[in-house]
Amino acid sequence: SWHDPLETLSRAASMTGIEALRLMAAGELPPPPIAQTLGFELIEVGDGSATFTIEPAEFHYNPIGVVHGGLALTLLDSAMGCAVHSTLAAGVAYTTLEMKANFVRPLTSSTGLVRCTGTLVHPGRTVATAEGRIVDASGKLYAHGTSTLLILGD
């Protein structure tokens, strides 16, 4: 089950990006359905950064016995997008234009908790860029990527 994303959008409409994201990380705004469906959680938000965590499980697997690459891409897209979102004024939105990812090693159910952190690289008025990394508890890198995002004015 998940919460209505349009209701969350309505509640967050008058907030800056960082205000809305911090309320989401604190559990005061519900997470988006994709986070609930896949089981990842926003745990930290800074000005130009966002971190999600997840513990990869067998239900994330593809037919070759490892976590589907789409999970890593979703984590990276979410973290990089939220890094940009954290810098936006109330009423300003964004959408991903392009992203690229490199998978360094496979995620499996034995990987344990991983962190995906997105960081703003360029805060443009029309186009912003961000980078992201997925690491395990010991700091071992699993994937990294970059993203270009379109800023949708107010």
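Student: Hi! Which strand does β2 (residues 49-54) pair with, and over how many bridges?
Tutor: Strand β2 is joined by 6 bridges to strand β4 (residues 114-123), and the two run antiparallel. Strands here are DSSP runs of E with at least two residues, numbered from the N terminus, and two strands pair if DSSP finds at least two bridges between them. This is a predicted model, where local features need pLDDT of at least 70, side-chain atom pairs count only at pLDDT 80 or more, and totals for chains, interfaces and linings use all residues. Residues are numbered from 1 along each chain as its sequence is written, and side-chain values use heavy atoms, with hydrogens and water left out.

Student: Okay, what is the bridge partner of Ser49 in β4?
Tutor: That partner is Thr119.

Student: And how does β4 pair with β5?
Tutor: Strand β5 (residues 127-136) pairs with β4 in the antiparallel sense, over 9 bridges. The two form a hairpin, with 3 residues between them. Across this pairing, His122 stands opposite Thr129 in β5.

Student: Switching topic: where is Thr96?
Tutor: Thr96 lies in strand β3 (residues 93-103).

Student: Why does Thr96 count as partly exposed?
Tutor: Because its relative accessibility is 29%. Buried means under 20% relative accessible area and exposed over 50%, with partly exposed in between (1.4 Å probe, protein chains only).

Student: What does Thr96 touch?
Tutor: Leaving out residues up to four places away in sequence, Thr96 touches Asp77, Ser147, Thr148 and Leu149. Contact means heavy atoms within 4.5 Å.

Student: And how far is Thr96 from Val127?
Tutor: Their C-alpha atoms are separated by 9.7 Å, with the residues 31 apart along the chain.

Methods. Helices (H or I, at least four residues) and strands (E, at least two) are DSSP runs, numbered from the N terminus.
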